[in-house]
Amino acid sequence: MHSPELRTAETRSVCCYCGTGCGVIIEQRDGRITGVRGDPAHPANYGRLCSKGSNLHLTTAAGGRALHPMLREHRGEARRRVGWDRALDTAADRFAQIIERHGPDAVAFYVSGQLLTEDYYVFNKLARTLVGTNNIDSNSRLCMSSAVAGYKSTLGADSVPNCYEDIAAADHLLIAGSNTAWAHPIVFRRIEDAKAANPELFITVVDPRRTETAEFADLHLAIAPGSDVLLYNAMLHVLVWEDLIDRDFIERHTTGFAELRTAVRDCSPGAVAAACGVAAEDIVAAARRFGNARAALSMWCQGLNQSHHGTANNAALIHLHLATGQIGRPGAGPFSLTGQPNAMGGRETGTMANILPGHRDPANAADRDELARLWGVPALPERPGLTAIPLFEAIAEGRVKALWIACTNPAQSLPDQAQVRAALEACEFVVLQEAFGDTDTAEFADLLLPAAGWGEKSGTVTNSERRVSRVRPAVAAPGEARSDWAITADFARRLARRLGREADVARFAFADEAAVFAEHVALTAGRDCDMSGLSYTLLEAAGPQQWPYPAGATAGRPRLYEDGRFPTADGRARFNPNGAPVRHALTPEPTDARHPFILNTGRLRDHWHGMSRTGRVASLWGHAPRAEIGLNPADLARRGWREGQLVRVAGRRGSVVLPVAADPATAPGQAWLPMHWGSAQLAQPGANAMTSPVTDPVSRQPALKQAAVSVETFPVHWEGAWAAAAGDAPGATALMAALRPWLARFGHASLTLTGRERPVVVLRIAHDAPVAIEALARLDALFGCDGEDSLAFRDRARGIDKRARIHGGRLQAIRLINETAGFDWLVEAIVADQAADPLRPWLFAPIARPPAAVPAAGRTVCNCFGVGETEIRDAIAGGADLESLQASLKCGTSCGSCLPELRRLVAAGPAVRAAA
């Protein structure tokens, strides 16, 4: 028998969530991942991890994985297990038949910013060289394509000029359209450190909501949704008017300034203040701070990008840097924050419809010819490829007949979900290559291929600061799951034979992922993103490296354009007229009497994307226990609504029924709904049932941030609530999977998790009519509330029906129908695994406050140590400040994700103490 030491090992890799690119050390024992911690040697995070990253190990044992290839021969049938040969041969046959009958553009690939660079590369080579189509796009279209277009239209190439060290070097930081504290927590830790080291660092935040990031700012510009371009052009107007521009830099290193100056002549702060929703003097103050800064750094994310004028938003912000010379030196420059872990890698490999490897352009004949020569093929396709939104429109219209989806969940993440789902239903053949077999999109797949997931793959990723890191496997993939690049290459070889192109088989005979990477970096030689000097051998020896890293280099380049030369024909950056549109609608659709609210979407602290990973970890639900629509308290008071009341949020394309929450961070007339929730947790597809498919004319990125909606009371004639301890994480995942088909049957449904070591599955439903007894019986059976050990209470006259299951002296499950006042504290009792005897007199009592036997923890604030809001407020009421909270409760001493909220609670201390 091996000793425990021989069965325990550690592996250095990278976090699989946002684009910060944090290094992690994966702990494994006996072939299982048992822990994760930050890598102190990785330059992206130096050992820090956020609440999501520090819980990564818990996602690997939570179940729900796709384990074997699954195929259905006909729609309406259940998929059945097949071998890899049968699965890939079927896929090759179907794709070949469609290509031969309808041409190469009748098939398409939709991939993901969560793929590794090697996966991306093989998919792109498959589409362009073998299939002969440009119909390959990525879910990066939804997050970063406007940043790409903004950089290209001004600086000449999609090359992020900055590095994380610039945060500490700046004396002015402009954060636009990003709640960095939640979306990129480790980047925000750097911002906190910079402010602590230099209290003179001035931070301006531009965001319609008063987010956690905005609360940390010295100046918050709470602009009206969609008014970004007006704001930045008004700031440029001030810079010009007050001569805060760098005329020498403009003359020597840019073109187009005179024309842009004319275009923004009438865009004064006074002229745009009303449309922007901020005071003219605040616009002037922001401009002066930027113009007078020694080093001004801007950072932005989806608030700028997810807009029907996202490219203009980006260009207008970059113009501020060009006008002041704030670029190409420490602490200065326009720094877009990448949303996904390897969206940058997809941009480098050209795995989007409108780009080619090495930042080449498929519309440029010279670029196509050069790449065809390097790939050894006669030519590359000329016809423009379909980006995400037109792609699904083409599927719905029958022009695209086969779709290969990899590592993404379009049945949750794309706008106008009714259209997307109709397209997937209509598509002749849908392949889903995915680590998890229970995503929203999985139900539409004719062929489900099991892919390796985090902790099981080998390759590379590139983070927001152009740093390439090695991703290493810690354990073997479960079942028959395989690496994405290997699946794709195997399919490509089979497809080549089906198409009668035997010579192309060898193009996909990669020895391993290192060979894929070597071929990829060779294609970047001489390009702005030159990585030809990188190899697995170098990355293993020297660690993560930034590009450009050409052959012969000994180090990468931390920041770009230090010599004032840009990758354009004349070496000059451009003031692009696109950044100053003459007339444009602020939002993709107007509000009106029927749709008076502007819906704003965003991210939560502890969840990510469609929750296919984070949604399996009970502790990550504590901070935001269920989906809610946030409205300003004044809007609730005006309509006479109470918190928790169910409302229907309806747009022009769909609706969702949710409880309403008072959200002071949201301005009157606006509504806020996180983008994570979908049909896996709700009766409807969530925010994207309502978001608009309108896209930016340049980047083709959809305007996911805003939609016009109504908010009306939902009539509840029947309600029910269930909760049960699941035993372990796989048990919770299995129970949730069994419950999901029920959600769409009700007007409102909310399926969530709670707890920490003891996961508890929670289902709340409400309907506008009574629910059939047969349905109740089946739900009771799933929750284990139908056995002889269940206690029951029934009041037929009022339709009240309650059940509780006690086992081993502990409350295990609860079910309440038409009287649910005590549900929340009963769930907390199950989570706490409390003895049942003290609870028995209260189990069915209509009381909202828990009896003394059940301490109320409240919403979780600190995920690392499970510290609840109630406990923190009690300590503050007793006089605690931030330091004493950290000392006594440990909150805010580990990942730091809760620090913004702790500061807010402490700042409200006098009110808390007065209430106590």
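The sulfur of Cys276 sits 7.4 Å from the closest cysteine sulfur, in Cys267, which is too far for a bond. This is a predicted model. A search of the whole structure turns up 0 disulfides.

**Cysteines**

- Cys276 is buried, and its relative accessible area is 0%.
- Cys529 is in no disulfide either. The nearest cysteine sulfur to Cys529 belongs to Cys143 and is 18 Å away.

**Helices α10 and α13**

- Helix α10 covers residues 228-241, and helix α13 covers residues 269-276.
- The two helices pack at an angle of about 160 degrees. Their axes are 10 Å apart.
- That angle makes α10 roughly antiparallel to α13.
- The crossing of α10 and α13 is left-handed.
- On the α10 side, the contact uses Leu230, Leu231, Ala234, His237 and Val238. On the α13 side, it uses Pro269, Val272, Ala275 and Cys276.
- By class, the contact of α10 with α13 has 8 nonpolar residues, 1 polar and no charged.
- Cys276, one of the contact residues in α13, is the buried cysteine described above.

**Helices α4 and α23**

- Helix α4 spans residues 117-131, and helix α23 spans residues 513-522.
- Their axes come within 9 Å and cross at roughly 70 degrees.
- That makes α4 roughly perpendicular to α23.
- The crossing of α4 and α23 is left-handed.
- From α4, the contact draws on Thr117, Glu118, Tyr121, Val122 and Lys125. From α23, it draws on Glu513, Val516, Phe517, Glu519 and His520.
- The contact of α4 with α23 divides into 4 nonpolar, 2 polar and 4 charged residues.

**Backbone features**

- Most residues other than glycine have a negative phi, and most peptide bonds are trans. The residues in this group depart from those patterns.
- Trp547 and Pro548 are joined by a cis peptide bond, with omega about 5 degrees.
- Pro548 lies in the loop between β19 (545-546) and β20 (573-574).
- Tyr561 is found in the loop between β19 and β20. Its phi is near 65 degrees, a positive value in a residue other than glycine.
- Tyr561 counts as buried, at 9% relative accessibility.
- Lys890 is not a glycine, yet its phi is positive, at about 70 degrees.
- The loop between α30 (882-889) and α31 (899-907) holds Lys890.
- Lys890 counts as partly exposed, at 47% relative accessibility.

- Thr262 is in helix α12, which runs over residues 257-263.
- Thr262 is partly exposed, with a relative accessible area of 45%.
- Thr262 and His57 are 205 residues apart along the chain. Their C-alpha atoms are separated by 56 Å.

Technical notes. Residues are numbered from 1 along each chain as its sequence is written. This is a predicted model: local features need pLDDT of at least 70, side-chain atom pairs count only at pLDDT 80 or more; totals for chains, interfaces and linings use all residues. Side-chain values use heavy atoms; hydrogens and water are left out. Axes are lines fitted to C-alpha atoms, for helices over the stretch in contact, and angles run from 0 to 180 degrees between N-to-C directions. Helices (H or I, at least four residues) and strands (E, at least two) are DSSP runs, numbered from the N terminus. Angles under 35 degrees count as roughly parallel, over 145 as roughly antiparallel, 65 to 115 as roughly perpendicular and the rest as oblique. A crossing is left-handed if the near helix is turned anticlockwise from the far one by less than a right angle, and right-handed if clockwise. Contact means heavy atoms within 4.5 Å. Ala, Val, Leu, Ile, Met, Phe, Trp, Tyr, Cys and Pro count as nonpolar, Asp, Glu, Lys and Arg as charged, and the others, Gly among them, as polar. A disulfide is a pair of cysteine sulfur atoms within 2.5 Å. Buried means under 20% relative accessible area, exposed over 50%, partly exposed in between (1.4 Å probe, protein chains only).
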